[in-house]
Amino acid sequence: MTIFEKIARREIPAAIVHEEDDFFAFKDVNPQAPVHVLIVPKRVIPGLSGSVPGDAELLGRMLVASKEIAKKLGVAESGYRLVINHGADAGESVPHLHIHLLGGRAMAWPPG
């Protein structure tokens, strides 16, 4: 069971900022920006390569919800970045697909 599943089951506390039936968003415990939340499906999708066509609707709703989450957190106007890491070289540390929403400061390009 991943740490995200434990958070979804409320076995591990988290600062949840948004929740729907099948996904939720919470503050990252190791923030890389003043605003850093993770948007996570409640069921495990083991990374992008583990996604299937049936996941498209859920993943699309997670992306659409990011604008409301950014608004709640006060970064919708100034700008924010969405990141999905896939694999060890990309920095993925939990094998459970999730979207990082980062904001509250200027972001450099290219990232990394």
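1. Which pattern does the chain follow, read along the sequence? The pattern is α-β-β-β-α-β-β. The secondary structure comes to 2 helices and 5 strands. Helices (H or I, at least four residues) and strands (E, at least two) are DSSP runs, numbered from the N terminus.

2. A word on the source. This is a predicted model, where local features need pLDDT of at least 70 and side-chain atom pairs count only at pLDDT 80 or more, while totals for chains, interfaces and linings use all residues. Residues are numbered from 1 along each chain as its sequence is written, and side-chain values use heavy atoms, with hydrogens and water left out.

3. Start with the overall dimensions. The chain has 112 residues and a radius of gyration of 13 Å, which agrees with the value near 13 Å for a compact globule of that length. That radius is taken over C-alpha atoms, and the globule rule is 2.2 Å times the number of residues to the power 0.38. The C-alpha atoms fill a box of roughly 35 × 30 × 25 Å, taken along the principal axes.

4. Two strands pair if DSSP finds at least two bridges between them. In general, strands of a sheet pair through backbone hydrogen bonds, either parallel or antiparallel.

5. Now the bridges. Strand 2 and strand 3 pair in the antiparallel sense over 5 bridges. Here Phe23 stands opposite Pro41 in strand 3. Another 5 bridges join strand 3 to strand 5, again antiparallel. Val37 stands opposite Leu101 in strand 5. Strand 4 is joined to strand 5 (residues 99-103) by 4 bridges, and these two run antiparallel. The bridge partner of Arg81 in strand 5 is Leu102.

6. Contact means heavy atoms within 4.5 Å.

7. Is strand 3 mostly covered or mostly uncovered? Strand 3 is mostly covered, with 7 of its 7 residues buried. Val35, Val37, Ile39 and Pro41 are on one side; His36, Leu38 and Val40 are on the other. Buried means under 20% relative accessible area, exposed over 50%, and partly exposed in between (1.4 Å probe, protein chains only). Of the 112 residues of the chain, 38% count as buried.

8. Pro46 is in the loop between strand 3 and helix 2. Pro46 is partly exposed, with a relative accessible area of 47%. Ala8 lies in helix 1 (residues 3-8). Ala8 touches Phe24 and Lys42, not counting residues up to four places away in sequence. Ala8 and Arg81 are 73 residues apart in sequence and 24 Å apart in space, C-alpha to C-alpha.

9. Last, contacts along the chain. Among contacts with a separation of 6 or more, residues 24 or more positions apart account for 52%.
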